[in-house]
Structure formats: C-alpha cells, structure tokens
Amino acid sequence: MIDRSTAPAPGKSLLFNLPEVKELELANGIKLFFVRKEKLPIIFTDVLVLAGSKFDPPNKRGLGYLTSLLIDEGAGEYDSLQLSDEFEKLGSIFSITSNHDLISMTLLSMKENFSRSLELLSKIILTPRFEEKDFTREKKKVLDRILQLKDEPAFIASTAFEKILFGETYYAYPEIGLENTVAEIYNNDVKKFYQDIFTAANTKLIVVGNLTEEEAVEQFNKYLGSWNSFIKTYVTFEMPKRNPTKLFFVHKENSAQSEIRVGHIAKKRDAADYIPTRIMNTILGGQFSSRINHNLREDKGFTYGASSVYQYYQDAGSFEVSTAVNIENTGASVSEIIKELEGIRKNISPEEIEFAKSYLIKQFPSRFETYSQVAKNIEQLLIHKLSINELADYTAKIEATANEDVNKSALENVFPDELVVVAVGDREKVSAQLKNVAGNDAIELDNNGNVLN
Amino acid sequence: MTKNLLKIDYEKYSLANGLQVILYPDQSFPLVAVNVWYRVGSANEQPGKTGFAHLFEHMMFQGSQNIPKEGHFRYVQEAGGSLNGSTSIDRTNYFETVPANYFELPLWLESDRMGFMIPGLTQEKLDNQKDVVMNERRQHYENQPYGMAWEKLFSNLFSADHPYSWPTIGWMEDIAKFELDDVKNFFRTYYCPNNATLVVGGNFNVPRTKDLIEKYFENIPKGITVPEIKIFRQNLSETKKIILEDNVQLPRIYLAWHTEKAFSTNDAALDILSDILTSSKNARLQKSLVFEKQIVQDISSFQYSAKLDGSFIIVSTAKPGIELEVVKNEIENGITNLISNGITDDELMRAKNSLKSSYIYSLQKLDLIVDHLNHYNFFLNEPDSFVFDLSRYENVTREQVVEAAKKYLLNHKVELNVVPKE
C-alpha cells in the first residue's frame with residue numbers, strides 16, 4: 001500500500017540549460033539578440049521599437065497607438081488587404097502590440113517561409129504607405145473603441161487609478177488616447193511619429209528559432225541592414241510623489257460588482273531590491289496561495305480573485321492590488337486589503353519566504369518553454385536596459401536573499417498610509433461604504449480619472 | 001515533414017477499475033504535464049440544478065482526505081509548477097505542469113481527490129465556494145457589457161429540456177441552492193475512475209511512472225455506469241428574434257443556426273466556412289462590413305461544435321448610428337452570395353495554410369499537447385489524431401464549403417439584438 005498521508009518526495013532535479021543569448025550587430029549597428037532553438041522547424045522574431053505612447057504630444061494622446069495600427073495598413077507594392085493576404089499564404093502569424101514604452105512587431109513563421117516573411121516585415125518597417133483612407137478608417141475605429149470602453153468597468157478602474165497615480169505625466173493617460181485628443185490626430189502626425197520616433201535608433205531585434213547565427217545575421221542584414229534613421233528623440237519624466245491615502249470612486253449605474261484598485265507609486269525595475277520585493281509580493285498577492293487572494297477569495301468569498309503586482313514602466317514603477325467584488329462588500333474588501341498591506345510590513349514568516357523562493361526558483365525553467373517566451377524574457381531586459389546576464393544570475397540571487405531583506409523590502413515598498421483607492425460601482429452603494437473605511441467622503445471621478453465637482 | 005512532426009508516440013491502457021491511462025514521453029524539456037479529463041460537463045446536469053459541474057470543479061480544489069484546503073495550489077506552486085481546471089458543456093479537466101523531478105506529486109494529488117474526496121468536504125467550504133462562483137458569474141456575465149448575451153442566445157436556440165440550453169456556470173438562483181448532499185451525489189455518480197482519462201506527458205521514466213500510476217490509482221473503486229444523456233434533435237420551427245437591453249454604447253447582433261456535432265461530416269467544412277467569412281482582414285464579411293462599408297466595429301463567427309450537437313454563430317457590433325437590421329441584411333447578402341457564386345481556390349488555400357502551420361505552432365507547449373491527447377481520445381477514442389484532424393481540413397473542397405453553408409445557413413435561426421438601455 002502506498003502512503004498517501006504525505007506528499008511524495010521529489011527526485012533529483014533535471015539539468016536545465018538556460019538558452020544561450022548571443023548579442024550580434026547588423027551592418028547599420030542595430031543590435032540583434034539571437035537564440036538558437038531547434039525542437040521545431042519554426043522561427044520567432046520580435047522587432048522591438050522603443051517608441052510608445054509616451055512620445056505622444058499632450059494634445060494628441062493616442063498617436064503612438066494609432067501609428068501602431070496603421071504601420072501594417074499597406075507597405076511597398078502591397079495595399080492593406082494584399083499584405084495580410086501575403087502573410088496568410090505563408091501561414092505566418094504577424095502581430096503588433098504596443099504600450100506606453102514600445103511598439104513590438106512579432107512574427108511566427110515556419111523555417112521554410114522565414115525569409116519571405118521577414119521580407120514582408122521589412123516592407124512594413126521601411127515602406128509603410130500611410131494612406132489617407134486607411135488613416136480615416138482606423139481613426140474612426142479607435143474613436144468608436146474609446147466609446148465602447150465606457151462599458152468596461154475593469155478598464156475604467158485602471159484608467160482612473162493610473163490618472164490619480166501619475167498626475168500630468170505620460171503614464172497618466174490610456175495608451176489608446178482620449179476622445180478629444182484622438183480627434184486632434186491627423187495623418188501627418190502619424191507620418192511624423194514614424195519619421196521621428198519609429199526609428200532604427202530606437203530598435204532592437206530578437207530572434208529565437210531553428211536557424212544558425214550566420215543565417216540570422218545574413219537574413220536580417222539583407223532585409224533590415226539598410227534601415228538608417230538614427231535621430232533620437234527624448235522626453236523627460238519626473239517621478240510623481242506618493243500622498244496620504246485618498247479614496248475615489250467612479251459611478252457605474254446598477255453595477256453587480258465593484259472593480260477595485262489600491263496602490264501607490266513604487267520603485268523602477270532596476271531598483272537594487274527588485275529580487276526581495278518580488279519574493280515579498282509573491283507572498284502578499286503575486287499568486288493564488290498569496291495572503292490577499294486567500295483572504296478575499298478563500299476565506300471571505302468576496303471575489304473570484306484578487307492579486308497584487310509591481311508594475312514596471314520604463315521610467316516609473318507602481319504597486320497595484322486589483323480585484324472585483326460583489327458590491328455589498330466594497331468597503332469591507334478595501335479594509336481587508338489595507339489590513340494585508342499593514343500586515344506584510346509587520347511580519348513575514350520564514351516558511352512563507354521559503355515557499356516563495358521555492359516557487360520562483362523552480363518555475364524559472366518553465367519560462368523558457370516556447371519560442372515567444374524566450375524572446376519575451378529578453379525583451380523585458382532590453383526595455384529596462386538591464387544586462388542579459390540577469391537571466392543567468394536570477395535563481396542564485398533569489399537563493400541568496402536573506403529573510404531580513406524580504407522583511408525590509410516590505411517596509412520600503414509597501415505604504416499603507418499613502419494609497420490611492422479607486423472603486424468603480426454604483427454611487428448609491430459604493431460611496432457610503434468607502435466613507436466608512438476612511439471617515440470622510442470619497443471623491444467622485446469621471447471615466448478618465450478627473451475629479452468631478 | 002508536417003506529418004512526421006504531428007505523429008505522437010504514446011501508449012494507452014486501462015487499469016482494472018476502468019481508469020484510462022495515456023503516456024506520452026518527450027525528453028525535450030525538463031517538465032512533466034498531468035491532465036485528467038472526467039467525462040462530465042454541464043450537459044449532465046438537470047434543469048433546476050444547473051452550474052453543478054462547474055461548482056464541483058471548484059470543490060475539487062478544496063482538499064480531500066489527505067490534502068488540506070488550498071493544498072493543491074500550495075504543493076504544486078512550491079514545486080514551481082502550474083495548475084488549474086476547467087469545465088465545459090461536455091467535460092471537466094484538471095491539469096498540472098511541474099518540473100520533471102516532481103512528476104509524482106500530481107499523481108498523488110489527483111488520486112487523492114479521485115478516491116478520497118468526500119472526507120474532505122464541509123459545509124463551510126461549500127458556502128465559501130458558492131460565494132466565489134457567484135462572484136465569478138458577476139465578474140464575467142452580469143458586470144460585463146454584452147455578458148448576458150450568450151446564455152440568452154443558447155437558451156433560445158435549444159429547447160429547455162436540452163442540456164446545451166443552460167450556461168456552464170449555471171443560473172444564479174441554482175448556484176445559490178446547492179447543498180452538501182448534491183456535491184456528494186455528484187461525486188459518486190461522475191467522479192469515478194471508469195469515467196476518467198489520465199494523460200501524463202513529458203520527461204519521465206515510463207516503467208517507473210506506470211508502476212506509480214498503478215499504486216496511486218488501482219485501489220480506487222470502480223463506480224456505477226454513468227447515466228446516458230438523452231437528447232432530441234433540435235429544430236427551430238421559425239426564426240426567433242429577441243431584443244435584450246444592456247448597459248452598452250453600441251448595439252450588437254448575434255445570429256445562431258443549428259448545425260452538426262464535433263467531427264461529424266460537415267464539421268470541418270463549417271470551420272473553413274467561418275474562416276472564409278470572418279477570420280482575417282480579407283475574409284468576406286470583414287472586408288465588406290469592416291473595411292469597405294465601415295458599418296460595423298467588429299465581426300466574428302464560428303462553428304461551435306460539441307459532443308452532442310453544434311451551432312454556427314455570427315456576432316457583429318454596429319458602428320454608431322447604424323441599425324442592426326442593416327448589418328443583418330449585409331451578413332445575409334454575404335451568405336447568399338457565397339452560396340450562389342461559390343468560393344475561390346485562393347480563399348480555400350489561405351484558410352488551409354493558416355490551419356496547417358497552427359498545428360505545428362501548437363506543439364510548442366507540453367500542457368497543450370497533453371490536453372489535446374485527451375481531447376482526441378474523448379471525441380475519437382484515438383489520442384494520436386493530430387494528422388487525422390489536419391487531414392479533415394486538407395480534404396475539404398470548395399463545393400463542400402458551399403454545400404455546408406446551403407444546408408444550414410438558410411434555415412431558421414435565432415437572432416439576438418443587444419441594444420443600449422433607453
């Protein structure tokens with residue numbers, strides 16, 4: 001008979017070979033990060049252009065996003081539909097994502113179709129058409145999407161939270177822009193964004209796949225080696241300050257739940273205590289068995305899930321707890337979250353720290369299973385201007401972190417008296433509950449996070 | 001070359017208690033994935049007790065005789081693994097991916113809840129998870145724009161006694177009513193080894209794993225034969241139009257027709273029909289409604305096929321100021337045009353090429369592969385069906401796509417309009 005009363009002991013751990021990342025350079029000086037991965041005949045490419053919405057002029061917020069939508073609407077000899085058709089014929093998946101800091105264009109292709117797919121990608125990068133009719137259509141689509149976002153409580157909560165947190169800086173506005181700022185964007189603005197910001201100077205290339213280093217250099221030189229736009233544009237950022245706790249709400253009529261965000265400005269990704277902070281947040285709200293999820297979901301049943309995260313922009317950091325709770329428990333949930341933030345500063349048990357370290361160290365290999373996962377790990381380091389060696393040192397650094405460093409990181413990275421609290425829900429139900437938490441009236445915001453009078 | 005890559009080497013056998021086991025060794029990465037499918041979903045429920053299969057899935061993470069509440073998460077995460085479960089209309093699955101040296105852990109966890117679930121049950125745990133599930137429902141349905149549309153659509157497409165007529169998560173009033181005895185009865189009926197298949201994939205030693213599977217699972221007693229689901233062929237005697245008011249800015253139209261179940265004669269042709277109508281910028285309805293006429297914000301479609309039946313669905317959100325009637329007419333014109341004029345070789349090739357490479361791309365993740373082995377085993381009784389599945393699509397002709405459209409999309413349908421509240 002097998003003994004079921006205790007968990008089986010693990011065997012000897014298998015060797016994990018961290019993929020080797022080679023830093024190469026194209027003829028024009030663009031850096032190419034290369035990883036050879038041979039399991040399948042596929043190649044994943046990531047063109048990372050550090051040209052996000054933070055470069056939007058203040059009266060034209062949404063410009064970077066709209067540029068990312070228009071960049072593949074026709075290039076070279078192909079119009080928008082023909083271009084999409086060419087990728088489909090190859091069975092290649094081309095997609096564009098963007099945020100405040102970057103526009104990333106990724107391509108997943110079969111090895112046999114890699115060269116042709118890369119050629120198409122290079123046409124998008126080097127010779128976008130930016131035709132007026134495409135501009136008009138996509139701009140209207142963005143404006144209608146902004147209209148639709150008024151329906152989505154999770155989006156409203158995050159938007160309002162970031163507006164209060166980041167004040168007048170560029171991280172205070174949604175990447176998609178606002179109704180009145182998108183209205184001010186013209187096709188010439190898109191062309192100018194492409195000229196000045198979407199440049200070779202701001203670009204890094206990552207390729208993970210079944211090809212040799214020589215093939216990679218040859219192919220990328222062939223298609224992108226002549227890209228020569230090396231003007232650099234700079235924007236300045238001043239990190240906003242934390243303020244004494246304030247509670248806000250956004251009215252959403254008849255809502256069944258309230259969407260809650262609680263948090264504050266935090267350190268950037270390159271902070272010296274990044275690792276202990278990550279361990280601490282794993283315990284606080286970074287995974288299912290965390291204190292916050294245990295309390296709000298598994299103990300109280302207030303929610304389907306609750307979590308906390310340190311979010312890292314290129315120029316700033318923030319700490320954010322998010323959850324959606326049934327509307328009657330809005331106030332109680334906010335109180336419990338604050339209690340957890342106070343609690344983590346008082347005491348973290350050695351068992352909790354052991355658990356978190358084990359979790360982070362042992363899950364590390366699984367972050368390198370797919371081709372895109374490998375590339376995205378490298379991308380994170382490039383965004384934050386960190387050394388590629390961070391990957392090799394990561395588990396050893398976690399192992400070496402002392403318990404007092406984790407405790408100290410809670411004191412230096414969690415500030416329960418300097419919170420921004422936002423709840424999106426029906427005014428009738430939410431405002432009184434928040435008043436009970438804080439003792440004074442919560443401040444009402446509009447959908448964009450502006451204070452209403 | 002594609003065919004060789006998609007050929008999966010596996011071994012399948014059954015234990016004396018009826019548990020099916022499928023082993024798929026793959027030494028390429030130091031992970032092991034365990035995936036259990038129970039052949040029970042919301043279709044096994046009764047009216048008045050809907051949402052039970054899903055609520056029960058939650059209870060399976062509340063511990064059993066030797067595993068404390070939340071223990072599954074704690075053990076697997078401490079090992080650096082990931083885990084979850086999901087419930088559909090036809091089946092419920094549970095899965096863990098762990099570093100290879102922890103391969104025994106999921107076997108222990110899964111066997112304890114398969115064999116010794118009831119001693120871990122308490123009223124307190126049930127009350128807690130009822131609250132969690134009601135909040136899951138609020139978050140994903142009540143508090144989402146258009147969130148109530150799907151259950152409205154399916155409860156009109158299928159008659160009230162058909163098990164696809166209610167939502168997997170269940171009606172709110174049913175969730176609130178569940179009692180501990182319901183949980184126990186459900187467990188005894190459906191969570192027995194003879195109603196489950198265990199797949200283990202990845203970097204493990206085959207003889208040793210077989211031995212451990214035997215030890216962990218063999219003494220779990222065989223259950224009763226699971227009751228069969230009785231269904232009736234569904235036919236709409238007329239087209240139904242339903243208007244639903246919601247907190248939305250833009251109106252949205254849903255069209256639904258009865259079609260065929262998964263892996264039946266026209267299933268693959270209907271998938272390709274859906275691709276040709278909406279899956280890319282060049283797809284017919286995308287091109288005409290989104291790109292050229294610009295009367296809709298988005299449009300999508302799919303052949304939603306399951307174990308007992310299937311339906312074809314088109315969903316589209318109108319641009320401000322555009323009537324849903326106009327959108328509907330355009331969609332219907334697109335369909336009649338396709339039926340009268342046929343489709344081109346280029347359209348068919350585009351759809352097939354995208355499908356072909358997507359099969360190769362899907363081989364990147366072990367947990368997806370093992371779930372697919374269970375999927376194929378469930379529907380086809382043959383886990384290694386990647387090649388067969390792909391060939392279903394490769395063999396579809398232009399004529400078959402048109403015939404499938406003609407056979408189903410000219411019939412009566414359900415039309416749901418979700419419109420902004422006055």
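Here are some worked exercises on a predicted model.

Residues count from 1 along each chain as its sequence is written, and chains are lettered from A in the order in which they are written. Local features need pLDDT of at least 70 and side-chain atom pairs count only at pLDDT 80 or more, while totals for chains, interfaces and linings use all residues; side-chain values use heavy atoms, leaving out hydrogens and water.

**Exercise 1. Describe how helices α14 and α15 of chain B pack.**

Step 1: Find the pieces. Helix α14 covers residues 366-380 of chain B and helix α15 covers residues 386-394 of chain B. Helices here are DSSP runs of H or I with at least four residues, strands are runs of E with at least two, and both are numbered from the N terminus.

Step 2: Get the geometry. Two packed helices are described by the angle between their axes and the distance between the axes. For this pair the angle is about 70° and the axes are 10 Å apart. (Axes are lines fitted to C-alpha atoms, for helices over the stretch in contact, and angles run from 0 to 180 degrees between N-to-C directions.)

Step 3: Name the arrangement. α14(B) is roughly perpendicular to α15(B), a label for angles of 65 to 115 degrees.

Step 4: List who touches. From α14(B) come I369(B), H372(B), L373(B), Y376(B) and L380(B), and from α15(B) come F386(B), F388(B) and D389(B). Contact means heavy atoms within 4.5 Å.

Step 5: Sort them. Six are nonpolar, one is polar and one is charged. (Ala, Val, Leu, Ile, Met, Phe, Trp, Tyr, Cys and Pro count as nonpolar, Asp, Glu, Lys and Arg as charged, and the others, Gly among them, as polar.)

**Exercise 2. Which parts of chain A does the salt bridge of E77(A) and K123(A) tie together?**

Step 1: Check the pair. Their side chains meet at 3.2 Å, N to O. A salt bridge needs a side-chain nitrogen of Lys or Arg within 4 Å of a carboxyl oxygen of Asp or Glu, and the structure holds 66 of them over all chains.

Step 2: Place each end. E77(A) sits in the loop between α1 (63-70) and α2 (80-90) of chain A and K123(A) in helix α3 (residues 114-126) of chain A, so the bridge links parts 46 residues apart in sequence.

Step 3: E77(A) is partly exposed at 47% relative accessible area, whereas K123(A) is buried at 16%. (Buried means under 20% relative accessible area, exposed over 50%, and partly exposed in between, with a 1.4 Å probe and protein chains only.)

**Exercise 3. Trace the salt bridge of R137(A) and D134(A) out to its network.**

Step 1: Start with the pair. Their side chains meet at 3.0 Å, N to O.

Step 2: See how they line up. The two are three residues apart in helix α4 (residues 132-149) of chain A, so about one helical turn separates them.

Step 3: Check the burial. R137(A) is buried at 4% relative accessibility, and D134(A) is buried at 2%.

Step 4: Follow shared partners. Salt bridges join D72(A), E73(A), D134(A), R137(A), E138(A), K141(A) and K281(B) into one network.

**Exercise 4. Is N417(B) buried or exposed, and what does N417(B) touch?**

Step 1: Locate the residue. N417(B) is in strand β11 (residues 414-420) of chain B.

Step 2: At 6% relative accessibility, N417(B) is buried.

Step 3: Name the neighbours. Leaving out residues up to four places away in sequence, N417(B) touches K241(B), I242(B), I243(B), L244(B), R252(B), I253(B) and L324(B).

Technical notes: Parallel < 35°, antiparallel > 145°, perpendicular 65-115°, else oblique.
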